[in-house]
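I opened the model today to look up a few places in turn. My notes follow in the order in which I looked.

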Amino acid sequence: MQPVVELKDVDVAFGSIHVLEDITLTVEEKDFLGLLGPNGAGKTTLLKVVAGLLRPYHGTVKLFGEDIAKSTLRSKIMIGYVPQRITLQSQNFPTTVYEIVATGRISRENTFKRLTEEDHQKIEDALRFVGLYELKSRMAGELSGGQLQRIFIARALAGEPSLLIMDEPTSGIDIGSQVAFHSLLDRLNKEQGLTIMMTSHDIGAMSHMCTKVACVNKKLFFHGLTEDLFRGDILSKVYGYHVHPIFHEEHLM
Ligand SMILES: Nc1ncnc2c1ncn2[C@@H]1O[C@H](COP(=O)(O)OP(=O)(O)OP(=O)(O)O)[C@@H](O)[C@H]1O
Ligand SMILES: [Mg+2]
């Protein structure tokens, strides 16, 4: 099977500061990959490289077998990307929730596309999926941070992505909604076979949800099955100090 993402020897720098070094990582179809690492480790940078928003100065990035430096925009359109911090500049942002999610149906090739019946259906399905259908007519500027985050997840889903990339999607979401959100991601991954890459600082939640984990801190310290994350002292190496995981009952079953 064709891998969804293939990074080979990827190096990224901002000016003279090297942020990622020698990253070689493959994401297979139907993987649910959790990206772990401390603040400033390069997680967001890595996701931006995969989404085609940042270009590495060395190495290759392939999506669905196509080198993104050489390919047309086609492969990028299959990616749903939810950025880390979503803020709208103004409380009076003149756009409804529905309109934001609708932009997920508009491709870069066809910016002024007229929305079809199918498009409207996908937009409504995505809004229901994140549990915010009732807010569809509200102005986006009136929403809370967590609601806005879910709206942008709906926007990504409305585009029917083959790869969903989410940067700390649960950081602004309350505990109750997080449980629902986790089961939503589980359904997307297991039932619909969607390939997912996400970051989070919640190692416990990640180890429950993700099938695979990658630990990054400038370099790739670990990439493998989630159950192998707690063997040895991988976490201590990535975080730079001793990490002692405490297992709850569910982990021991
Ligand atoms: N546009 C930029 N210009 C200069 N430096 C940048 C830029 N973007 C990121 N960096 C730097 O690159 C490093 C990695 O940043 P990145 O945002 O990828 O970290 P992260 O792992 O996502 O951290 P966090 O957990 O805090 O979100 C940081 O030191 C950051 O300051
Ligand atoms: Mg980040």
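This is a predicted model: local features need pLDDT of at least 70, side-chain atom pairs count only at pLDDT 80 or more; totals for chains, interfaces and linings use all residues.

**Ligand shell.** I found Phe 14, Val 19, Gly 37, Asn 39, Gly 40, Ala 41, Gly 42, Lys 43, Thr 44, Thr 45 and Gln 84 around ligand 1. I sorted the shell by residue type: three are nonpolar, seven polar and one charged. Which helix gives the most to this shell? I noted helix H1, residues 43-50, which contributes three residues.

**Helix H1.** I then checked how covered H1 is. Six of its eight residues are buried, and I put H1 down as mostly covered. I listed the buried ones: Lys 43, Thr 45, Leu 46, Leu 47, Val 49 and Val 50.

Next I traced an open sheet of four strands. I wrote its order as E2-E1-E4-E5, with antiparallel pairing. Strand E2 (17-27) and strand E5 (66-67) are the edges, and each pairs on one side only. I followed the pairing of E2 with strand E1, residues 5-14: it is antiparallel and runs over seven bridges.

I then noted two exceptions.
- Asp 22 has a positive phi of about 60° and is not a glycine. I placed Asp 22 in strand E2. It is partly exposed because 14 C-beta neighbours lie inside 10 Å.
- Lys 218 has a phi near 70°, again positive and again not in a glycine. I located Lys 218 in the loop between strand E9 (212-217) and strand E10 (219-225).

**Nonpolar core.** I moved on to the largest nonpolar core, which holds 63 residues. Which of them touch the most other members? My list reads Val 50, Val 101, Ile 151, Ala 154, Ile 165 and Met 197. Helix H5, residues 145-158, gives the most to this core, with eight residues. I also checked the core against the domains. It draws at least three residues from domain 1 (1-78 + 167-174 + 195-253) and at least three from domain 2 (85-161). My side note was that nonpolar side chains tend to be buried together in soluble globular proteins.

Leaving aside neighbours within four places in sequence, I found Ile 165 in contact with Leu 47, Val 50, Ala 51, Ile 79, Gly 80, Tyr 81, Val 82 and Met 197. Leu 47 and Val 50 were already in my list of buried H1 residues.

**Arg 105.** My last stop was a charged residue. I found Arg 105 in the loop between helix H3 (97-102) and helix H4 (117-129). Is Arg 105 buried or exposed? It is buried, because 20 other C-beta atoms lie within 10 Å, and 20 or more is the cut-off. Not counting residues up to four places away in sequence, Arg 105 touches Leu 115, Asp 119, Lys 122, Ile 123, Ala 158 and Gly 159. I checked the spacing to Asp 119: 14 residues in sequence, 6.5 Å from C-alpha to C-alpha.

Conventions:
Residues are numbered from 1 along each chain as its sequence is written. Chains are lettered from A and ligands numbered from 1 in the order in which they are written. A residue is near a molecule or strand if its C-beta atom, placed from the backbone, lies within 6 Å of it. Helices (H or I, at least four residues) and strands (E, at least two) are DSSP runs, numbered from the N terminus. A residue is buried if 20 or more other C-beta atoms lie within 10 Å of its own, exposed if 12 or fewer, and partly exposed in between; C-beta atoms are placed from the backbone. Two residues are in contact if their C-beta atoms, placed from the backbone, lie within 7 Å. A nonpolar core is a set of buried Ala, Val, Leu, Ile, Met, Phe, Trp, Tyr and Cys residues joined through C-beta atoms within 7 Å. Domain bounds come from an automatic or database domain assignment. Two strands pair if DSSP finds at least two bridges between them.
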